[in-house]
Amino acid sequence: MAELADLENPRMREVNERHGDDHGVKLSALRAIAKRLKRQQDMARELWATDDTAARLLALLICKPQEFTRQELDTMVRESRAPKVHDWLVNYVVKKSPYAELLRLNWMMDPDQEAASAGWSLTSDRVAKSPDGLDLPGLLADIEAKIREAPDRLQWAMNTCLAMIGIHHEELRARALEIGERFEVLKDYPTPPNCTSPYAPIWINEMVRRQKN
C-alpha cells in the first residue's frame, strides 16, 4: 500500500476521476508490480479488502480466478464501485471462473446495477464467441424495452450487447441497427481520433466493414 501511495500522481487522478476511477496510479505501473509479485491469492484478497481502487486493480492482476467461490465473486461485483475495477473484475476474473455461466444467468435480471451490468457484459462475450443456446431475438427485445431508462453502467453494457449482436449475427443486424438509431444511446459520446464510437450503428457498421476488408 505504501508503494502504491508513492506512485500516486495527482494529475493522473484528476484525469481518471472524470471517468469515475478514483486513483492516480498508471496502469502500466500496476502491471509492473503484478509481474514482480506473480500470483498470490491471499494477498489479492487482502488488497481487495482495503476498498482502495489502485489496490483492487492490483488484486485483480495477481489473483487466481478459479480459487474464488461463487459467493465471493458475487459480493465483489456488487462492491466494485470504480468502472475500471468492474471491467477488470468481469474480464480478468469472472470470465475465467468455473461459475461464469451460472453467475451470468443470475445477474442478468438482478436489480443491482453492478450485478446486472456484469451479467450483460458476460452475455456480450457469449454473443460474440459462443452464442449457441442464447435467445438473441429475446435479448434484442429486452434491450429495446430497457436501454433508454437503464442506469449509465447498465446502459453501456446493454449497448455493447446490442453492438455485438449486430456485428456477429447478420440475420439480426438490421434490427440491431434500427434499435440503435431509434434510441441514440451514446450517440454524442466523445470519441478520441482513430477510435470507434460506442454509438451502436457506427460501431456495427465499422466492424462489419473491417470484417469484409
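**View 1. Helices α12 and α13 pack at an angle of about 145°.** In this predicted model, helix α12 (residues 173-183) and helix α13 (residues 200-212) have their axes 8 Å apart. Axes are lines fitted to C-alpha atoms, for helices over the stretch in contact, and angles run from 0 to 180 degrees between N-to-C directions. Helices (H or I, at least four residues) and strands (E, at least two) are DSSP runs, numbered from the N terminus. On the α12 side the contact is made by R173, A176, L177, G180 and E181, and on the α13 side by P201, I204, N205 and V208; contact means heavy atoms within 4.5 Å. Sorted by class, the contact of α12 with α13 holds five nonpolar, two polar and two charged residues. Ala, Val, Leu, Ile, Met, Phe, Trp, Tyr, Cys and Pro count as nonpolar, Asp, Glu, Lys and Arg as charged, and the others, Gly among them, as polar.

Residues are numbered from 1 along each chain as its sequence is written, and side-chain values use heavy atoms, with hydrogens and water left out. Local features need pLDDT of at least 70 and side-chain atom pairs count only at pLDDT 80 or more, while totals for chains, interfaces and linings use all residues.

View 2. Rings of Phe, Tyr and Trp (its six-membered ring) pair if their centres lie within 6.5 Å; planes under 30 degrees apart count as stacked, over 60 as edge-to-face and the rest as tilted. The count by this rule is two aromatic pairs. W88 is buried at 3% relative accessible area, and Y92 is partly exposed at 27%. Buried means under 20% relative accessible area, exposed over 50%, and partly exposed in between (1.4 Å probe, protein chains only).

**View 3. W156 and Y189 form an edge-to-face pair.** The distance is 5.1 Å centre to centre, with 65° between the planes. W156 belongs to helix α11 (residues 152-168) and Y189 to the loop between α12 and α13, so the pair ties together parts that are 33 residues apart in sequence. W156 is partly exposed, at 37% relative accessible area; Y189 is partly exposed too, at 36%.

**View 4. V85 is a buried residue of helix α7.** Its relative accessibility is 2%. Leaving aside neighbours within four places in sequence, V85 is in contact with D21, W48, T53, R56, L57, L60 and S80. V85 and L57 are 28 residues apart in sequence, yet 5.9 Å apart in space, C-alpha to C-alpha. R56 lies over the face of W48, at 4.2 Å from the ring centre. A charge sits over a ring if NZ of Lys or CZ of Arg is within 6 Å of the ring centre and within 35 degrees of the ring normal.

**View 5. E184 and L186 have positive phi values in the loop between α12 and α13.** Phi is about 55° for E184, although E184 is not a glycine. For L186, also a residue other than glycine, phi is near 65°. E184 is partly exposed, with a relative accessible area of 41%, whereas L186 is buried at 18%.
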